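Welcome, and please bring the model up in your viewer.

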Amino acid sequence: MPSLDFSLPHWAYWAGLIIFPLIAMVLSNRPRSHERRYGLGLSYFILVTGGMLGLHRLYLRNLWGLAFIPVFLVILFANAQGQDARTVVSDANNTVRLAESVLERETGRVESARAELPALERALEEARAEGEEGSFALRRAERNLERAQTRIDEGTARITEAETDLETSRPAAAQAAEDLAFWGTVARWAFYALLIAMAIDAIQMNRLVKQANAKIPAHEELSEAEIALKKLEESERKEDKDHVSTGWTGVLDRISLTAGEFVAYWAVIAVFVYYFEVVSRYVFGSPTNWAHESMYLMFGMQYLIAGAYAMLTEDHVRVDIFYAPLSRRRKAWVDLFTSVFFFIFAFTLLFTSWRFALDANAVATGNGLLSEWARGDIGFLDMVGNWTSQQWTDPNIRWGEISFNEWEVPLWPMKWVMVIGGLLLVTQGISKLAQDIRVIARGE
């Protein structure tokens with residue numbers, strides 16, 4: 001199988017987190033047609049992202065898409081068998097190398113000990129003849145002979161074990177190498193078969209879309225139960241925009257709402273990234289060094305920014321057994337009292353995250369103007385005044401903390417997102433406080 005040697009550039013990561021949600025927000029807010037139709041653009045998009053599983057044909061309600069799945073499973077199975085064979089080859093080759101090393105080392109030691117053995121035996125006999133029983137010379141001659149004999153016995157045992165390992169490991173390595181080549185061929189040809197099928201579908205995609213649209217009934221009648229259920233859902237549904245208040249607090253609410261909608265589309269990015277990771281790892285045998293960390297950091301930023309949105313739409317988890325039955329005015333009094341604890345948390349988050357962000361920029365490895373300002377080496381105006389395009393384009397310039405893995409993504413922007421999340425939470429808390437005061441003052 002071909003390998004995917006791809007590492008996501010840092011600029012592409014940040015551009016994706018910014019540009020993709022903007023495009024998704026525009027597309028989601030455009031007028032929708034009530035007529036159900038299959039789109040050619042979406043079909044090609046699914047072909048590119050999930051064509052190996054036949055998802056483009058399943059989207060078009062074409063059962064031939066099921067034929068892609070067994071071929072894809074063959075690739076996964078062949079790669080798994082190839083991975084097992086590769087492990088056997090590695091272990092067997094390692095055993096062969098160790099056995100050959102033992103043979104080379106122990107053969108010389110055993111031959112040397114055997115060559116010394118006659119002389120040691122004569123020395124022992126002379127010591128017995130000349131010395132008394134238990135004398136130092138006699139004991140030394142006995143020890144020398146015993147050591148030589150032990151070296152011969154142990155070396156012979158190691159040589160026998162090494163020869164046995166060679167006899168078993170060499171055929172195992174050869175067989176595993178054949179299995180590895182076989183399963184690699186199976187996976188490669190199955191992959192080529194999927195590519196050919198995808199190329200054919202890409203050519204005839206326009207025809208497939210027209211066939212799918214032709215099968216759509218002209219008018220679909222709803223039963224009375226479906227109509228009633230639809231009306232009930234519409235009556236109980238509360239859109240996010242319904243939580244936006246009036247007046248100046250509405251401006252703060254809309255900021256929280258927009259920020260929450262923006263980061264919500266990051267979850268879609270995670271689907272594509274993890275899909276790429278799975279395909280790259282199990283189909284091409286090329287696991288990435290960036291997928292997990294990029295999504296881990298992204299979800300952390302999403303959690304921080306979405307806090308104000310959750311507060312606005314009241315989507316956070318709470319136990320409201322006593323709170324729910326209260327009137328609107330009494331709820332406002334309770335919220336006014338508990339806001340003290342909320343602002344302690346919110347301002348603590350804001351100020352500590354500000355400190356974290358500055359520390360991330362002030363690390364010793366940072367050699368850019370931003371890091372110098374964070375360390376206090378230059379003032380803010382000096383940083384702004386000396387800023388040039390080199391600060392953006394020079395790859396040797398670092399503005400602060402980076403990760404410790406091979407991807408080396410800058411971590412300091414995530415720390416500044418903590419500041420943004422804390423600021424959004426504080427402003428939304430101010431909006432909620434003002435609305436509670438407004439309710440109490442009006443006596444609602």
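How do the residues of the lining of the largest cavity divide into nonpolar, polar and charged? Keep that in mind for the first stop, and note that this is a predicted model.

**Stop one: the cavity**

Select Leu 60, Arg 61, Asn 62, Leu 208, Gln 211, Ala 212 and Lys 215, which line the largest cavity. Here is the reply to the opening question: the lining has three nonpolar, two polar and two charged residues. The space inside comes to about 50 Å³. There is one cavity of 30 Å³ or more in the structure.

**Stop two: helix 1 against helix 8**

Now colour helix 1, residues 10-28, and helix 8, residues 248-264. Their axes lie 8 Å apart, and the packing angle is about 105 degrees. Angles of 65 to 115 degrees count as roughly perpendicular, so helix 1 and helix 8 are roughly perpendicular to each other.

To see the contact, show side chains for Leu 17, Ile 18, Pro 21, Leu 22, Met 25 and Ser 28 on the helix 1 side, and for Thr 258, Glu 261 and Phe 262 on the helix 8 side. By class, this contact has six nonpolar, two polar and one charged residues.

**Stop three: Ser 28**

Stay in helix 1 and centre on Ser 28. Its side chain reaches the backbone oxygen of Met 25 at 3.0 Å. Leaving aside residues up to four places away in sequence, Ser 28 touches Glu 261 and Tyr 265.

**Stop four: helix 10 beside helix 15**

Next, select residues 291-313 for helix 10 and residues 412-442 for helix 15. What is the crossing angle of their axes? The axes cross at roughly 5 degrees and come within 8 Å. That makes helix 10 roughly parallel to helix 15.

Among the residues of helix 10 in this contact are Leu 297, Met 301, Leu 304 and Gly 307. From helix 15, pick out residues including Met 414, Val 417, Gly 421, Gln 428 and Lys 432. The contact of helix 10 with helix 15 has twelve nonpolar, four polar and one charged residues.

How values were computed: Residues are numbered from 1 along each chain as its sequence is written. This is a predicted model: local features need pLDDT of at least 70, side-chain atom pairs count only at pLDDT 80 or more; totals for chains, interfaces and linings use all residues. Side-chain values use heavy atoms; hydrogens and water are left out. Axes are lines fitted to C-alpha atoms, for helices over the stretch in contact, and angles run from 0 to 180 degrees between N-to-C directions. Helices (H or I, at least four residues) and strands (E, at least two) are DSSP runs, numbered from the N terminus. Angles under 35 degrees count as roughly parallel, over 145 as roughly antiparallel, 65 to 115 as roughly perpendicular and the rest as oblique. Contact means heavy atoms within 4.5 Å. Ala, Val, Leu, Ile, Met, Phe, Trp, Tyr, Cys and Pro count as nonpolar, Asp, Glu, Lys and Arg as charged, and the others, Gly among them, as polar. A polar contact is a pair of N or O atoms within 3.5 Å; within protein, one must be able to donate a hydrogen and the other to accept it, and residues adjacent in sequence count only if both atoms are side-chain atoms. On a 1 Å grid over the protein atoms alone, a cavity is a set of points where a 1.4 Å probe fits but cannot get out, and a pocket is an open set with protein on both sides within 12 Å along at least five of seven lines; lining residues have an atom within 4 Å of a point. Grid points are joined across faces, edges and corners, and a volume is the space filled by probe spheres set on the points.
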